[in-house]
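I would ask you to keep the structure in view while I go through it.

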Amino acid sequence: MAKGNQDSKTDPRGMLLQGKVALVTGGSLGIGTAIVLDFASQGADVAFTYRRHEDEARQIATQVEGMGRRALPLKADVSSFDDAQSLVDEVVEKLGGLDILVNNAGMNWDGVIWKMTEEQWDRVISVDLKGCFNYIRAVAPIFREQASGKIVNITSINGLRGKFGQSNYAAAKGGVIALTKTVARELGRSSVNVNAVAPGLIETPMVKEAPQKVRDMALAEIVLGRLGQPEEVASVVTFLCSEGARHITGEVITVDGGQYL
């Protein structure tokens with residue numbers, strides 16, 4: 001699989017996204033960064049959002065440009081409906097169009113249900129679920145008019161199974177799955193593919209800082225016996241956004257080493 005500093009000529013996949021324009025929410029860290037860099041390595045120009053990590057966003061943009069592609073880092077709160085509309089317009093204006101949307105931005109704010117506050121519930125639902133709606137709503141008219149487009153929503157295996165202490169997160173990610181299937185039906189006649197990718201525990205910077213007990217519990221569930229890498233999620237997203245996946249829609253693909261089994 002291609003990484004950000006890898007010459008795409010050595011990648012057996014070829015140039016899967018040559019000439020495409022993509023927008024990735026939450027692209028400044030972890031899985032989002034891996035998606036941005038993999039897209040660029042496959043020939044796409046990439047706009048991506050960030051909220052707090054401006055320095056990281058600039059570094060990622062430099063890497064994208066180093067691969068000969070255009071980068072457009074944009075600061076945004078994905079929970080804002082109005083910001084999503086104006087941001088998508090800006091991407092189209094500055095990069096000349098839009099072919100791909102990846103809803104990756106998300107957060108968690110854990111707590112057992114009898115202690116969870118309204119603020120915890122509302123914030124996670126606003127970012128993880130409403131954020132997906134905001135950007136799908138913004139790109140849908142564009143994709144319908146051009147009769148093409150790819151949308152990939154990043155959900156979680158905990159949206160499929162639930163997780164102790166994560167009622168807000170699991171509910172949001174479960175909602176993302178239902179949203180994916182519904183929008184796949186609604187946009188299918190416009191030749192727009194809409195799918196979801198559900199990672200298990202992936203070795204992002206946040207996970208690396210997690211208590212060893214948490215990591216050990218996850219490892220005990222994973223059939224392959226190791227945590228996933230962000231690039232392993234990114235390569236699946238890239239495939240779903242390529243012409244090789246043109247007859248796949250409404251699907252939820254787990255990337256979890258068998259953790260959900």
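Predicted model: local features only at pLDDT ≥ 70, side-chain atom pairs only at ≥ 80, totals over all residues.

Let me begin with the overall form. The radius of gyration is 17 Å, which agrees with the value near 18 Å that a compact globule of 261 residues would have. Along the principal axes, the C-alpha atoms fill a box of roughly 50 × 40 × 35 Å. Of the 261 residues, 51% are buried. If we take contacts between residues at least 6 apart in sequence, 76% of them join residues at least 24 apart.

Now the surface and the charges.

I turn next to helix α1, which covers residues 30–41. From its first C-alpha to its last, this helix of twelve residues reaches 17 Å, close to the expected 16 Å. How many of its twelve residues are buried? The count is twelve of twelve. Among the buried residues are Gly 30, Ile 31 and Thr 33, as well as Asp 38. After the helix comes Gly 43, with a positive phi near 100°.

Two residues elsewhere in the sequence bear on this region. One of them is Glu 56, in helix α2, residues 54–66. Glu 56 and Thr 33 are separated by 23 residues in sequence, and their C-alpha atoms are 9.3 Å apart in space. Beyond four places in sequence, Glu 56 touches Ser 28 and Leu 29.

Which residues does Thr 204 contact, leaving aside neighbours within four places in sequence? They are Gly 30, Ile 31 and Pro 230. With a relative accessibility of 11%, Thr 204 counts as buried.

Strand β5, residues 149–154, contains Lys 150. Is Lys 150 buried or exposed? Its relative accessibility is 7%, so Lys 150 counts as buried. Its contacts beyond four places in sequence include Asp 99, Ile 100 and Leu 101, then Phe 143 and Asn 193. Further along the chain, Lys 150 also touches Leu 240, Cys 241, Ser 242, Glu 243, Ala 245 and Arg 246.

Finally, some backbone angles. Most residues other than glycine have a negative phi. Ala 147 has a positive phi, near 55°. Ala 147 lies in the loop between α4 (118–146) and β5, and its relative accessible area of 41% makes it partly exposed. Ser 191 also has a positive phi, near 60°. Its place is the loop between α6 (167–187) and β6, and at 47% relative accessibility Ser 191 counts as partly exposed.

Thank you for your attention; I would be glad to take questions.

Conventions. Residues numbered from 1 in each chain as written. Heavy atoms only, no water. Rg over C-alpha atoms; globule rule 2.2 N^0.38 Å. Buried < 20%, exposed > 50% of the residue type's maximum accessible area, 1.4 Å probe, protein only. Contact = heavy atoms within 4.5 Å. Helix = DSSP H or I, 4+ residues; strand = E, 2+ residues; numbered from the N terminus. Expected span 1.5 Å × (residues − 1).
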